[in-house]
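Here is a short tour of one protein chain, with its sequence and structure for you to follow along. Have a look at the model first, and then read on.

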Amino acid sequence: MGLVLVFVTGILKDKINIYANTTKVYNNDDIINTINNMIETVNLKEWDEFTNFFCDDEQKYYYNYFLDNQITDGVKQIISMDVIREYIVNNNEVKDEWLVDEYPDLLTDANKVYSVIAEIKCKVNKENQYFFNGNNFFLIVLAVEDNELKVVQFNRPNSDIVSKIIDKTEHYSSDEKQ
């Protein structure tokens with residue numbers, strides 16, 4: 001259920017100016033579904049849909065990335081992805097990994113930012129620092145932008161953080177895939 005804030009700004013000749021600001025509250029299922037749906041767009045090679053999962057600044061990057069056929073690294077090198085486990089983590093545990101300098105407006109309100117360590121099995125056409133065949137771990141940071149849940153960051157976290165999170169956190173996904 002969302003919260004609606006109503007502001008009355010003035011009364012002029014029997015007219016009331018009302019501005020409503022709706023803030024949706026996202027739960028764990030919303031977060032996990034967003035990530036899983038984004039991964040599915042990679043498997044289907046639906047690049048416009050994939051791009052739409054990201055915040056505005058990242059969307060601009062991905063529009064140009066997909067237009068440049070000379071770029072073959074990154075998500076273009078993926079043949080398939082399968083989510084194995086997702087760990088929704090306390091933001092304080094991964095905040096040092098956030099790209100705050102790149103997204104200062106989105107990564108400031110801790111109540112609207114969600115962090116996930118995802119273990120994703122990848123099959124790629126070439127291995128490099130971005131993706132390799134087998135299980136890969138990613139830090140996926142989502143934030144609310146224009147009242148929608150958007151991916152702000154999708155990159156490799158520090159391996160010490162991954163170990164720490166896995167050792168102490170029960171994964172969110174209840175069925176483990178092999």
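## The β5-β6 hairpin

In this predicted model, strands β5 and β6 form a hairpin, with two residues between them. In the turn, Asp-146 has a positive phi of about 50°.

The pairing of β5 (residues 134-145) with β6 is antiparallel and runs over seven bridges. Strand β6 (residues 148-155) is mostly covered, with six of its eight residues buried.

Which residues of helix α5 are buried? In this helix (residues 159-168) they are Ile-161, Val-162 and Ile-165. These residues lie on the same side of α5, because they cover an arc of only 100° around the axis. An α-helix has 3.6 residues a turn, so residues three or four places apart point the same way.

The buried residues of α5 pack against β3 (78-89), α4 (91-94), β4 (113-124) and β5. On the face turned away from the buried side sit the exposed residues Ser-159, Asp-160, Asp-167 and Lys-168. At the start of α5, a side-chain oxygen of Asn-158 comes to within 2.6 Å of the backbone nitrogen of Asp-160.

## The chain as a whole

Stepping back, the protein chain holds five helices and six strands, in the order β-β-α-α-α-β-α-β-β-β-α from the N terminus. Of its 178 residues, 39% count as buried.

Among contacts between residues at least 6 apart in sequence, 60% join residues at least 24 apart. The accessible surface of the protein chain is about 10600 Å², and 47% of that belongs to carbon and sulfur atoms.

Terms used
Residues numbered from 1 in each chain as written. Predicted model: local features only at pLDDT ≥ 70, side-chain atom pairs only at ≥ 80, totals over all residues. Heavy atoms only, no water. Buried < 20%, exposed > 50% of the residue type's maximum accessible area, 1.4 Å probe, protein only. Helix = DSSP H or I, 4+ residues; strand = E, 2+ residues; numbered from the N terminus. Pairing = 2+ DSSP bridges. Contact = heavy atoms within 4.5 Å. Areas by Shrake-Rupley, 256 points an atom, 1.4 Å probe, with all protein chains shown as cover. Arc of directions from axis to C-beta. Polar contact = N/O pair within 3.5 Å; in protein donor to acceptor, adjacent residues only side chain to side chain.
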